[in-house]
Amino acid sequence: MTEVIKAKEPFRFYTRMHLSELTGLKASNLIQLLELIKRVPGSCIYHHTHRFLQQHQYLSPEPPNDFAYWVTEILGEDELGEKLASIDTVEYTSIHALRQAISITIEGYLEENILAKLRFARSGEEFYFIKSISFIVPTSFVVYDLNSFEEVLKKITMDSIYFHIFEARLRLERKNNDFSNWLENSLGRVKLANEISKLDPYTRTLDGLKNKILELINIYK
Amino acid sequence: MAKIEDYIPIVGESVINDLRLLADRLKGRLVQHINSTAVGGGVAEILNRMVPLLNELGVNTKWDVIKGGEQFFEVTKKFHNVLHGRIENITKQDFDIFMEASNYNINNLETYGDIVFVHDPQPIALINKKKDNKWIWRCHVDVSNPYEVVWDFLMNFIIKYDSAVFSAPSFSRKLSIRQFLISPSIDPLSDKNKELPQEIIEAVLNKYKIIRNKPIITQISRFDRLKDPVGVIEAYLKVKKHIDCQLVLAGGSASDDPEGLKVLEEVMEKSKLDQDIHILLLPQNDIEVNALQRASDVIIQKSLKEGFGLTVAEALWKKKPVVASNVGGIPLQIKHKYSGLLCHSLDGAAFELKQFLSSPAYAKKMGENGHQHIKDNYLLTRHLREYMLLFLSLFHKEDMVYL
């Protein structure tokens, strides 16, 4: 029987619930969209690049972000929609960098497609900017080793997994997801931590992501 | 009345545990809901279910109702209509009547809550009693295109609240106070949405002489021009040219609404064009609505204007493919081609109905996606969670709140 390695620091699971705050800001065309993307709070950019992932988790893989969806379905700019949908969110470790990538993509498209400036959304179909307000609550689950970590992971809510994978890395700018951070720094499980880090969580359902992490734990246990 | 644990088999224990976590953070605070009626209407319906559940979770919640005479409610109905964009003559006398009743309530209704939660325009002026407690105004009306004179009048009160809540992003405006998006919800355990035995569904079909020998298209709505029942018949007739099917238009009686009666007459006249059109004047009977939705092959909601359009959520909850207009809160419930089909015109509606009727596997997938979307986002449990988060937001101004 292998010896159970105890972590230097325990891992506490948190959960995260969110509320959508309206801004009253809306865009009818690409110029307005771009201008607002550049100046709205980071919580808006976060909301519109992650909302679909949470609300439509059963539709993944590759859920579009709100910008891509609106540009495609409402403005009919399929090519730009595809470019926005394929922005590799996992490559960015801050909202600031993600915002820039989105802005540059739209600017580049507008330079090459001048007529795109003339397309307007119908009344009522404008892009409405919304902020994501996160409420982070500690759960009662605290673990010291890989086995207990695995057991809790099996039963924890999707909101908790969402918080530790997406919100911690990008919104709290921890550079890496919480699971990999703990596995590497407190438990010394570098390989497992790296494998989880390498996953692109944006191309999976939350349920699929959870199963993949459990599968990796089993391989590296 | 359902208990909170009755929802566990539907949404899972972890969702209910999260509600308990939030309720713990609200211990010691008293929430007071205020609206204009204890029975009838969507607001009363939701409060009747929510208030007991919040109390059961441990959030001390009370509910009070303002008083107002016939004249006051006639004025507030006019306000409601013009906020929806309808044109009506609003006079100075109307505003005087509104303020007279409001002043009576200001003097006679005690606002004792730590959080006072005011629903809709009728009690809005109570904000003039605000002391150091927190006040929320919840707008259930589509105010995307309101009559500005009335909206400006209401704004005098709105800006005194701590926060406002709207049902759809398109209802929001630039405001000097915080505003949140909270959609209404359906209760999966209510008569309108609970599972029904096949015998009940068959009995309802028999009662209305509907034979299931061809696909059924249904719209559940009162006979109101904004629900476009005549347009539904026209779309159906276009479909009927290619696919043998039947149409059910079912809604509440319109006996107290002269315009509704006129619409009903037009619908009856139009329905003579096809023998497979069933016009059902239903009394308030949630089980029958439930049965008709469950017996249908496709649900249509071809509204010209909608507050939120909960009939769409009801249909999706029953895994039905839905064709619906892209108005009000409907696009929140349906992502085009993911969880249903959105339309902008009569021809579009007819085309999409044909698509569903000729592609059952596609229709089934849309219905299943829709069901999951409603389960994740539009059930009463989500509504409870967001209301508790809303209460907590009154005491936290930041975007990331650690509780």
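How many bridges join E2(A) to strand E13 of chain B, and in which sense do they run? Keep that in mind while we set the ground rules. This is a predicted model, in which local features need pLDDT of at least 70, side-chain atom pairs count only at pLDDT 80 or more, and totals for chains, interfaces and linings use all residues. Residues are numbered from 1 along each chain as its sequence is written, while chains are lettered from A and ligands numbered from 1 in the order in which they are written.

**Exercise 1. Follow the sheet that holds strands of both chains.**

Step 1. Start with the opening question: E2(A) and E13(B) (residues 400–402) run parallel and are joined by three bridges. Helices (H or I, at least four residues) and strands (E, at least two) are DSSP runs, numbered from the N terminus. Two strands pair if DSSP finds at least two bridges between them. Within this pairing, Val401(B) of E13(B) stands opposite Phe135(A).

Step 2. Now place that pair in its sheet. Nine strands form an open sheet with mixed pairing, in the order E2(B)-E1(B)-E3(B)-E4(B)-E5(B)-E6(B)-E1(A)-E2(A)-E13(B). Its edge strands are E2 (60–65) and E13 of chain B, each of which pairs on one side only. Direction ignored, neighbouring strands here are turned by 25 degrees against each other on average.

Step 3. Look for a helix on this sheet. H1(A) packs on it and touches E1 and E2 of chain A, with a direction that makes about 135 degrees with that of E1(A).

**Exercise 2. Describe the side of chain A that touches chain B.**

Step 1. Count the residues: the contact takes 24 from chain A and 36 from chain B. Two residues are in contact if their C-beta atoms, placed from the backbone, lie within 7 Å.

Step 2. Find the elements involved. On the chain A side, strand E1 (11–27), helix H2 (42–55) and strand E2 (127–143) each supply at least two residues. E2(A) gives the largest share of that side, eight residues.

Step 3. Sort by class: this side of chain A has 11 nonpolar, nine polar and four charged residues. Here Ala, Val, Leu, Ile, Met, Phe, Trp, Tyr, Cys and Pro count as nonpolar, Asp, Glu, Lys and Arg as charged, and the others, Gly among them, as polar.

**Exercise 3. Work out how H1(A) and H5(A) pack.**

Step 1. Two packed helices are described by the angle between their axes and the distance between the axes. For H1 (residues 30–39) and H5 (residues 95–112) of chain A, the angle is about 155 degrees and the axes are 10 Å apart. That makes H1(A) roughly antiparallel to H5(A). Angles under 35 degrees count as roughly parallel, over 145 as roughly antiparallel, 65 to 115 as roughly perpendicular and the rest as oblique. Axes are lines fitted to C-alpha atoms, for helices over the stretch in contact, and angles run from 0 to 180 degrees between N-to-C directions.

Step 2. List the partners. From H1(A), Leu30(A), Leu33(A), Leu34(A), Ile37(A) and Lys38(A) meet Arg99(A), Ile102(A), Ser103(A), Ile106(A), Glu107(A) and Leu110(A) of H5(A). The residues of this contact divide into seven nonpolar, one polar and three charged.

**Exercise 4. Is strand E3 of chain B mostly covered or mostly open?**

Step 1. Mostly covered: five of the five residues of E3(B) (residues 115–119) are buried. A residue is buried if 20 or more other C-beta atoms lie within 10 Å of its own, exposed if 12 or fewer, and partly exposed in between.

Step 2. Check both faces. Ile115(B), Phe117(B) and His119(B) point one way from E3(B), Val116(B) and Val118(B) the other way, and all are buried.

Step 3. E1(B) (residues 30–35) runs parallel to E3(B), with four bridges between them, and His33(B) stands opposite Phe117(B). E3(B) also pairs with E4(B) (residues 134–138) in the parallel sense over five bridges, where His119(B) stands opposite Arg138(B).

**Exercise 5. Why does Leu53(B) count as buried?**

Step 1. Locate the residue: Leu53(B) is in helix H3 (residues 42–57) of chain B.

Step 2. Apply the cut-off: Leu53(B) counts as buried because there are 23 C-beta neighbours inside 10 Å.

Step 3. Name its contacts. Leaving aside neighbours within four places in sequence, Leu53(B) is in contact with Ile4(B) and Leu384(B). The C-alpha atoms of Leu53(B) and Ile4(B) are separated by 6.2 Å, although these residues are 49 residues apart along the chain.
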